[in-house]
Amino acid sequence: MRHPPSAASLWPALAAGLSGAAGVALSAVAAHVDSSGFVSAAAAIALAHAPILLILCLPGIRDVLRLPALPAFMITLGVFLFCGDMSARVFLDHKLFAYAAPTGGSLLILGWLAIAVLALPALLGRGER
């Protein structure tokens with residue numbers, strides 16, 4: 001019998017909802033206000049990463065990934081930094097801080113790689129408990 005997920009394991013669902021909502025809102029802004037492409041890029045990143053954040057909090061994910069909170073944290077922070085920097089360039093007329101977008105993008109890449117690495121034991125048959 002599965003136990004209900006703890007509140008601590010559900011924070012990626014909150015991040016997924018916020019990322020998805022931000023992506024839709026940024027898409028509207030990109031269509032009506034911004035012609036630079038920065039907001040469009042932020043919208044695409046936010047929308048693309050919302051589903052994986054939701055998947056990383058599903059109860060059965062621990063059968064595949066022993067530590068789903070690690071890539072969830074990396075992806076959440078990466079979305080925040082990348083989208084925040086792209087949006088700040090348009091709305092505030094300056095960067096969030098130096099290297100915010102590349103740092104965010106690097107965290108997104110590392111988050112996806114963490115998923116791959118964390119899935120290896122299950123793939124190789126060592127995921128049994």
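Is Tyr 99 buried or exposed? Tyr 99 is exposed, with a relative accessible area of 63%. Here are some notes to read beside the structure.

1. **What you are looking at.** This is a predicted model, in which local features need pLDDT of at least 70 and side-chain atom pairs count only at pLDDT 80 or more, while totals for chains, interfaces and linings use all residues. Residues are numbered from 1 along each chain as its sequence is written, and side-chain values use heavy atoms, with hydrogens and water left out.

2. **The overall plan.** The protein has four helices and zero strands, and along the sequence the pattern reads α-α-α-α. Helices (H or I, at least four residues) and strands (E, at least two) are DSSP runs, numbered from the N terminus. The C-alpha atoms fill a box of roughly 50 × 25 × 20 Å, taken along the principal axes.

3. Of the 129 residues, 36% count as buried. Buried means under 20% relative accessible area, exposed means over 50%, and partly exposed lies in between (1.4 Å probe, protein chains only). The protein exposes about 7,500 Å², and carbon and sulfur atoms supply 73% of it. Such areas come from the Shrake-Rupley method with a 1.4 Å probe, and for residues only the protein chains shown count as cover.

4. **Two residues to look up in one loop.** Tyr 99 sits in the loop between α3 and α4, and it has a positive phi of about 65° although it is not a glycine. Asp 93 is in the loop between α3 (69-91) and α4 (100-123). Asp 93 also has a positive phi, about 65°, although it is not a glycine. With 68% relative accessibility, Asp 93 counts as exposed.

5. **The core.** The largest nonpolar core has 23 residues, and those with the most contacts inside it are Leu 53, Leu 56, Leu 65, Ile 75, Cys 83 and Ile 115. Helices α1, α2 (38-55), α3 and α4 each supply at least two residues of this core. A nonpolar core is a set of buried Ala, Val, Leu, Ile, Met, Phe, Trp, Tyr and Cys residues joined through side-chain atoms within 4.5 Å. In soluble globular proteins, nonpolar side chains tend to be buried together. Not counting residues up to four places away in sequence, Ile 115 touches Ile 52, Leu 56, Leu 65, Pro 71 and Ile 75. Contact here means heavy atoms within 4.5 Å.

6. His 49 is found in helix α2 and is buried, with a relative accessible area of 7%. Leaving out residues up to four places away in sequence, its contacts are Ile 75, Val 79, Leu 108 and Trp 112. Ser 87, in helix α3, counts as buried at 11% relative accessibility. The side chain of Ser 87 reaches the backbone oxygen of Cys 83 at 2.9 Å. With the sequence neighbours up to four places away set aside, Ser 87 touches Leu 26, Ala 42 and Leu 92.

7. **One salt bridge.** The structure holds one salt bridge, where the side chains of Arg 89 and Asp 85 meet (2.8 Å, N to O). A salt bridge is a side-chain nitrogen of Lys or Arg within 4 Å of a carboxyl oxygen of Asp or Glu. Arg 89 and Asp 85 are separated by about one helical turn because they are four residues apart in helix α3. Arg 89 counts as partly exposed at 23% relative accessibility, whereas Asp 85 is buried, with a relative accessible area of 1%.

8. **A nonpolar patch on the surface.** Trp 11, Phe 73, Leu 77, Phe 80, Leu 96 and Phe 97 form this patch, with about 580 Å² of accessible area together. Patches are made of residues with over 30% relative accessible area and no salt bridge: like charges are joined within 9 Å, and nonpolar side chains (Val, Leu, Ile, Met, Phe, Trp, Tyr) within 5 Å. The largest share, three residues, comes from α3. Trp 11 lies in helix α1 (residues 11-32).

9. Ser 9, in the segment before α1, is buried, with a relative accessible area of 18%. Ser 9 and Leu 58 are 49 residues apart in sequence and 8.6 Å apart in space, C-alpha to C-alpha. Among contacts between residues at least 6 apart in sequence, 66% join residues at least 24 apart.

How values were computed: Polar contact = N/O pair within 3.5 Å; in protein donor to acceptor, adjacent residues only side chain to side chain.
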